[in-house]
Every structure is written in C-alpha cells, then in structure tokens.
Amino acid sequence: MSEKLITFVVPSYNSEAYLNICVDSLIKGGDDVEILIVNDGSTDGTKEIGEDYEKRYPGMIRLLNQENGGHGEGINHGLKEAKGIYFKVVDSDDWVDETALKTIIAALKKWKAQKKLPDMMVANYVYENREKDIQRVIRFGSIFPEGRVVGWNDTSRFHLWQNLTLHSCMFRTSIIRKSGVVLPKHVFYEDNFFVFVPMAYVNRLAYLNVDFYRYLIGRDGQSVANEALKKHCMDQVTISKLVFATWASYSPRIRNKRKKACLYHHLKLMMCLASIFPRLNDDEEHDIAVQKMWRFASRVGMLSALRVRFFSYVFFLNIPGKAGRRISAFIYRLSNIAVPFN
C-alpha cells in the first residue's frame, strides 16, 4: 500500500443527515487520502453509514468507534490512528471543494519530490450559510506568499479578521505528535487550542490560494449558533486559559518574531472570545467568571495579561458593568455583520 499524503479525520456525533456530503467530498482525493470516520457514541445511523463506507472503500476509509467523548476526543482518537503525512480535521457537517483538494494534493506531491514539504499548509475557507444564501471567503494572500514553501520571515502581519483555524490549516502529522497536544473531553471550541499548540513547532509553511474548506453555518444546534455560544461560553473560557498557559510557557523560547506575532495574534483573539461570549448572557455571574479568567492569566503571565487586556482591542470587551456588557454585545453583533460566522 502506498503512503497516504493526507489523513482526514471526521469526528461524527449523530451526523446521519449530512455525513455523506462530507465523506463524498473527501473520497475525491483518491488513493492519496485516508479517511477516518470517528463515531462518537452516536445514537442515530452514523455508525451504520460509517460501516457502509468502510466496506465500499477498503484501504481508504476506516470507521473508529468510541464512547461519547466529544469533538476533541474524536480528534485525539483520529490522531492516534492516522497514517498520512498530513493530518486534517473536517467536521461532519462541512465538506471540501474537489478542485481545491486536487490542487493541494498536486502541490504536496511536488514538494515531496523536491524534499521540502512544509510543516503547515494553509488554504482559504468559506463560510457557507445556505439558508441566507451567503458565502464569505477568508483568504490569506496578504500574509503568505502563494504557492511556495517559505519560512516565517517571509510572512506579513495578520489583519484583525484573519486567523489560522482548524478550517484553514493542515499540519504534518509528525508536527502535531511532536507538540504533544491532547484535547480535553466534552469541551466545545477546543479546535482553537488544537491549532495553537503545534503552530509553535512550525518552521516551514505554504499557502495555496484555493477555496478549500467549506464551513457550514446557520444550522440549528451548531456550537457557533448564538444560543450555543451563550450556553457553552465557559468552554471558551477553559480553552482560552489553556491557550494562555501555553503561550506563557512557549513565548520565552520562540525566537522568530513573525512566528511569535502570529501566536500572539491568536492569543488575543482567544482572550477576546472568552471575554465576549460569557458577557452575552448579560449578568454579573458571567462577568465574575471573566474576571476570574483574567486573574488566572495574571498569575500565569502578568506582563502578557496586562498587554492583552489593556493595550489591545480586548480592552473594549472588558469594560465593567452593564454598560460594558452592552458595548461587548454591540461589538459582537458588528463583527458578525462584517464576517458572518453563525
């Protein structure tokens, strides 16, 4: 059996309504891809759908069953089993573009032959709101040179609306394993931590200007829906604390200024989200939770906590009291108009 270029992991919980769309888009990668469907203790027909794919595509698709542990545990499970050179997570309600996938595979094959595979590959992703017929493409051409393997010194600054996410990034499997990242069980928004940790180990990277990942938004029950953001807001706080603690540990050892700036940009966004989501509940209880998060950050890294909280846009999301909560809610609504994400 030839070596697989990419392992696609599809964490799946009660995904029978849309799993086929996701997996069918990945199959277009042919013999160069491995697809791991991780059934996270589903109670619908997800397991049976996975079994059918496994029978029809032996050597390409495997079904991994586990007790319900959440999205992060599905990624952990997939990482243990992955055999591909690269590792990519695709949520079961999302899909990838066929033309973009083939472009990515061709580029990876070329770089492999040249013995200069990147540690991380970045491509565009698209917010797809089919109910409102809205598409918004997030591109990275202003940050990375297109179509070649480069180092961090060849990159530029991130704009406020740009961030490297699970949707845009594909890491070498060996880099993720080297980073030692393990995601917590039953915690939402853990993908932000999954991207942050291995990024510190990346030295060579590449960007392809193709609209690869299609991120479905607007579906009831999604973790990025407004009500879900309020309900699971403390999970974002948990993840942001993990990101902050990792930053405090990593940052003194990172010498490259561009890499450090990228990680700091990600850190600010995580602390921004952890400040704003709880405050959407508009009560003192959640204000106190945010204050406790900042006290934790100050204990772990006083200077970084002060810099992020008081000397960046995050300041405007932490103004005390009811007026501050209203300002946070207004900024959230404004951001969602500029870049529709739910």
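What percentage of the 342 residues in the protein chain do buried residues make up?

Modeller: Happy to! This is a predicted model, in which local features need pLDDT of at least 70 and side-chain atom pairs count only at pLDDT 80 or more, while totals for chains, interfaces and linings use all residues. Residues are numbered from 1 along each chain as its sequence is written, and side-chain values use heavy atoms, with hydrogens and water left out.

To your first point: 58% of the 342 residues are buried (under 20% relative accessible area with a 1.4 Å probe and protein chains only; exposed is over 50%, and partly exposed lies in between). The chain has 12 helices and 10 strands (DSSP runs numbered from the N terminus: helices are H or I with at least four residues, strands are E with at least two). Its radius of gyration is 20 Å, close to the 20 Å from the globule rule for 342 residues, so the chain is as compact as a globular protein of that length (taken over C-alpha atoms; the rule is 2.2 Å times the number of residues to the power 0.38). Along the principal axes, the C-alpha atoms fill a box of roughly 60 × 45 × 35 Å.

Now to α10 itself. Several of its side chains are buried, among them His286, Asp287, Val290, Met293, Trp294 and Phe296.

Pro278 sits in helix α9 (residues 257-279) and is buried, with a relative accessible area of 0%. Beyond its neighbours within four places in sequence, Pro278 is in contact with His286 and Val290, as well as Cys233, Val237 and Leu273 (contact means heavy atoms within 4.5 Å).

Asp287 brings in charge. Its side chain meets that of Arg279 in a salt bridge, 2.9 Å from N to O (a side-chain nitrogen of Lys or Arg within 4 Å of a carboxyl oxygen of Asp or Glu). Both Arg279 and Asp287 are buried. This pair belongs to a network of salt bridges that links Arg279, Asp282, Asp287, Lys322 and Arg325.

Elsewhere, the count of salt bridges comes to 15. One of them joins Glu128 and Arg214, with the closest N and O atoms 2.9 Å apart. Glu128 is in strand β6 (residues 120-129) and Arg214 in strand β10 (residues 204-216), so this pair ties together parts 86 residues apart in sequence. Glu128 counts as buried because its relative accessibility is 7%, and Arg214 counts as buried at 14%.

Met302, Leu303, Leu306, Phe310, Phe311, Phe315 and Phe316 make a nonpolar patch of about 770 Å². Phe315 lies in the loop between α11 (302-310) and α12 (321-338), and counts as partly exposed because its relative accessible area is 35%.

Technical notes: Patches are made of residues with over 30% relative accessible area and no salt bridge: like charges are joined within 9 Å, nonpolar side chains (Val, Leu, Ile, Met, Phe, Trp, Tyr) within 5 Å. Accessible areas come from the Shrake-Rupley method with a 1.4 Å probe; for residues, only the protein chains shown count as cover.
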